[in-house]
Amino acid sequence: MPKRMVTLIFPQTLVTEPVIYRLSRQFKIIPNVRRARVTEKAGEVMLELEGEEEELNRGIAYLNTLGIRVEPTQGKGH
Amino acid sequence: MAKVRGLKCRECGRPYPADPLHVCEFCFGPLEVDYDYDRLRGTLTRKAIESGPPSIWRYRALLPIEGDPAVGMHCGMTPLVKARNLARALGMREVYVKNDTVNHPSFSFKDRVVAVAITKALEFDFKVVACASTGNLANSVAAHAAEGGLQSFVFMPADLEQGKVIGTLIYSPTLVAVEGNYDEVNRLCSEIADKYRWAFVNINIRPYYAEGSKTFGYEIAEQLGWRTPQHIVVPAAGGSLVIKIWKGLKEFERLGLLSGPCAVRMHLAQAEGCGPIVTAIKENSEIIKPVKPKTIAKSLAIGNPADGYYAYKVVKGSGGHGEHASDDEIVEGMKLLASTEGIFAETAGGVTVAAAKRLIEQGRIPRDESLVLCITGNGLKTQEAVAPTLKVSLQIKPTLRSFDESMTSHGIEVTPRNLS
């Protein structure tokens, strides 16, 4: 199945929500967290998403509707 | 000379071979070149560097190439100008301009990174080079690919300045104008890089490419007499330049090449319409929040800076700060640099001058300390930014009388020469 390396950037209001859990429950997507950083103001999680293309697109669209930025990871540090 | 051990993840430290790789497969951290500094200590001396060519290649011992340089033989060693007039205008004692408006061959600091990247691409036996660009990188990749006999593809946002487009097309690359902003272009290029075996200089060759920026810092130190200034203001797009200038200066310190410690404060300059790293610095936030760019400084219009976090750490770690510049301040900055020092910089130069002005006024750069401004690209590439604000001074009929009348009506006073 296709895999994507992405960085999720959470606003402060969503840091306490189990967003990645919901993503895996609502869509056929396997998330694999590699690194994360959470501060008082925001959260940043780098993870691999595995699933069919259409499902990945739907899942990422769902995250966007919540107010989470989804960016491709290109060796981004934190 | 086995000076390069390989690549290493900046986050988890995992080692990798010196291949065209850029992301750690375990933690997704960026890879960077790992040098054997012990091997260089003692053999790399000031004298050895000074006897090298007047180009970036005088520092080749600290660059990640194995054989001889293949392109960019005249790149680097640009002037470090003692800017007395600008210093006076800014109310500073000592200001220098590191002037990469005259860098060779494409008139921006990008020639430094591309000369290294294309040499490395040839060492890796790539036949095609490519890049995602806000303009300057496109110019440089197309020029160096022509010199190196490589096929090139450059991907740019479709709304870039005409100077950047013409300055790329002349070298006969395949120029792909993408209907989107730089971050969208970059995202597309990541997908293309996965599909084709091309050397994308700022994607899969990035660890090598980025090392070329260290020469900007090496030159500042060497041209100042093997010392560092007290402050450097650096413009930022992806954030790599400030990191690599700092790395270069720390390497010089580590190798005993500096007179005294590396005690410089690194300051960052970004546009108000695209300043996510400076915003993070001001807010003390280690997480860089991406923005949608809206600024005349198109070469700095990267809303999701790949090296933003590390740029933040360098600035904070050195005791520096960051400032934004509005579009009006950018134009004023360009004009100030041109009218005081005769240097026509592109919009990024205006950002640097304007941000430095703010930092001086805030007291973050004390007026009696030394300052270097990093001027990274040539103003002839972004004439659209200042054209609407510039007018022909006098328009006259072709007669001496018309000239004299016009001078008088504009209040311009000159002394006629004494004919007696």
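**Charges over rings**

I looked up B:R10 first. Its charged end sits over the ring of B:Y310, 4.0 Å from the centre. "Over" means that NZ of Lys or CZ of Arg is within 6 Å of the ring centre and within 35 degrees of the ring normal. I then checked B:R14, which lies over the face of B:F26 at 3.6 Å from the ring centre.

**What I am reading**

This is a predicted model, where local features need pLDDT of at least 70, side-chain atom pairs count only at pLDDT 80 or more, and totals for chains, interfaces and linings use all residues. Side-chain values use heavy atoms, without hydrogens and water; residues are numbered from 1 along each chain, and chains are lettered from A in the order written.

**Ring pairs**

I searched the whole structure and found 13 aromatic pairs over all chains. Rings of Phe, Tyr and Trp (its six-membered ring) pair if their centres lie within 6.5 Å; planes under 30 degrees apart count as stacked, over 60 as edge-to-face, the rest as tilted. B:Y309 and B:Y310 pair edge-to-face, at 5.2 Å centre to centre and 70° between the planes. Are B:Y309 and B:Y310 buried or exposed? Both are buried (under 20% relative accessible area; exposed is over 50%, partly exposed in between, with a 1.4 Å probe and protein chains only).

B:F124 and B:F126 are also edge-to-face, at 6.4 Å and 90°. I noted that B:F124 and B:F126 are buried too. Ring pairs also link B:F153, B:F155, B:Y196, B:W198 and B:F200 into a cluster.
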